[in-house]
Amino acid sequence: ALESEHKQFDAALAQKIKRQEEEAEAASMAAARAAAEAQKREEETEAAKERARLEKLKEEENKKVEEESKQKAEAAAARARAEEKDKADAKRQADSEAQDRTAVQQTGLRWGPPAQEFDSACSSALTKIRQAAESILSAGDSSTKKTRRNIDRKLGTYIAQISATQEQVVRKAGEIISSLEALKREGQALYSFGILSLCKRFISQVAAQVPQLPSFAFPVAEVAAEVCSRCPDVLLPLLGTLHEACPLTVPKLPVYMKSVYKSEAEFYRASGYRFLDSADDGTGGRPEATDDYLRRLKGFVAFYGAFTQVTNPRSTHGLDFAWMWLSRALNYLPCNRVVASALHAFLSSAGYAMGIRFGRQFQKLMSLIQTDVLPKLQTCKEDGAEAARMRLEAYIVRQEWRNPPEGRSLPRTDASSLTIHGY
């Protein structure tokens with residue numbers, strides 16, 4: 001019985017071991033199947049990712065091709081538009097140059113339509129003042145002659161006494177204004193003669209003083225601006241007188257054309273040259289040296305530049321007119337010694353205030369002069385052109401417009417006079 005019982009136990013143990021082995025084998029096979037299925041799923045996932053990546057790359061490549069095609073089409077269209085614009089600009093430039101040549105041939109002048117309108121307004125106002133003063137100008141009786149001399153002498157004295165102090169500017173402007181108001185009360189003819197005399201005296205003082213002392217342009221300009229602000233009738237006749245003395249203050253430049261000017265002397269007079277040894281009626285004589293003419297021209301242009309930038313808040317002829325003068329000069333005048341000298345004189349007076357007022361736009365104009373005007377001047381073979389170019393180039397390269405010009409800031413009073421009086 002015991003042996004039988006041992007056999008039964010061994011048989012049961014063997015079955016149990018067999019079941020365990022079978023279960024372990026089944027579990028191992030299930031794990032293998034699960035691992036295989038997991039690996040299959042992972043491979044399928046990787047394959048799907050790769051397909052997605054390839055599809056994305058293909059889509060991006062297609063987009064890139066489309067974008068490149070679009071850019072090429074846009075570039076081609078832009079080139080076409082640019083070519084059309086260049087053709088149109090070239091045609092306009094050619095038409096403009098043809099019109100300029102025609103205008104120069106007909107008038108003997110280089111200037112633009114806006115400058116012509118401005119000069120016409122000033123000239124018309126000056127003509128009207130002369131007509132209104134004709135009875136005083138043409139009178140030959142001793143009483144009227146004496147009146148003319150007294151007015152000339154009085155206004156001339158006031159202008160000759162202008163000095164570079166705020167106090168004198170206010171005083172002399174006040175005396176001039178009082179004199180004009182007194183003449184106006186006596187009648188339009190005397191008032192108009194007073195304006196003519198005043199304009200002539202202003203221009204004579206500029207011609208005599210500013211070429212030797214450029215800083216003197218500022219106090220004279222301040223007095224002139226104050227007078228014009230309080231007596232508006234003076235402004236356009238004053239500018240008209242300035243234009244007659246120096247056409248470049250318009251700006252306009254006479255060009256010698258035999259079909260326009262009867263002689264070289266007529267051309268020189270139209271340009272503003274003075275004639276030496278001429279007759280009392282202004283005929284005959286010989287033109288002054290070009291160097292002397294240019295010194296006076298620069299004085300007139302410096303005065304006009306100073307006039308446009310005065311600190312007087314009541315001035316009606318301010319920096320907008322400075323911008324117009326400079327842009328018209330650059331757009332319409334040729335690049336030669338005379339124009340380069342005028343540009344330098346104008347910028348030396350008005351450039352500082354223009355730089356503050358117009359900022360980056362003004363700097364762009366300075367860049368334009370550097371890249372366009374200066375190279376053209378370098379090819380100019382005219383005597384003195386290189387020196388004029390170097391002065392203008394130095395002003396641009398050194399950015400001299402960033403520093404206030406000498407004489408612009410007027411002291412309140414004359415320090416020497418205070419010392420003399422013991423203060």
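Cys199 sits at 0% relative accessibility and so counts as buried (under 20% relative accessible area with a 1.4 Å probe and protein chains only; over 50% would be exposed, and in between partly exposed). This is a predicted model, in which local features need pLDDT of at least 70 and side-chain atom pairs count only at pLDDT 80 or more, while totals for chains, interfaces and linings use all residues. Residues are numbered from 1 along each chain as its sequence is written, and side-chain values use heavy atoms, with hydrogens and water left out.

Searching the whole structure turns up 0 disulfides, a disulfide being a pair of cysteine sulfur atoms within 2.5 Å. Cys199 is in none, and the nearest cysteine sulfur to its own, that of Cys228, lies 7.5 Å away. Cys122 is likewise buried, at 0% relative accessibility. The closest cysteine sulfur to that of Cys122 belongs to Cys199, and at 11 Å it is too far for a bond.

Turning to the helices (DSSP runs of H or I, at least four residues, numbered from the N terminus), helix 8 is largely enclosed by the rest of the structure, as 8 of its 11 residues are buried. Those residues are Leu235, Pro237, Leu238, Leu239, Gly240, Thr241, Leu242 and His243. They pack against helix 2 (113-132), helix 6, helix 7 (217-230) and helix 10, contact meaning heavy atoms within 4.5 Å.

Helix 8 (residues 235-245) packs on helix 10 (residues 290-308) at an angle of about 155°, the axes being 10 Å apart. Axes here are lines fitted to C-alpha atoms, for helices over the stretch in contact, and angles run from 0 to 180 degrees between N-to-C directions. The pair is therefore roughly antiparallel (over 145 degrees; under 35 is roughly parallel, 65 to 115 roughly perpendicular and the rest oblique). On the helix 8 side, the contact uses Leu235, Leu239, Leu242 and Ala245, and on the helix 10 side Phe300, Phe303, Tyr304 and Phe307. By class, that makes 8 nonpolar, no polar and no charged residues (Ala, Val, Leu, Ile, Met, Phe, Trp, Tyr, Cys and Pro are nonpolar, Asp, Glu, Lys and Arg charged, and the others, Gly among them, polar).

Helix 10 also packs with helix 6 (residues 188-209), at about 125° and with the axes 8 Å apart; these two helices are therefore oblique to each other. Here Ile203, Val206 and Ala207 of helix 6 meet Arg296, Gly299, Phe300 and Phe303 of helix 10. This contact has 5 nonpolar, 1 polar and 1 charged residues.
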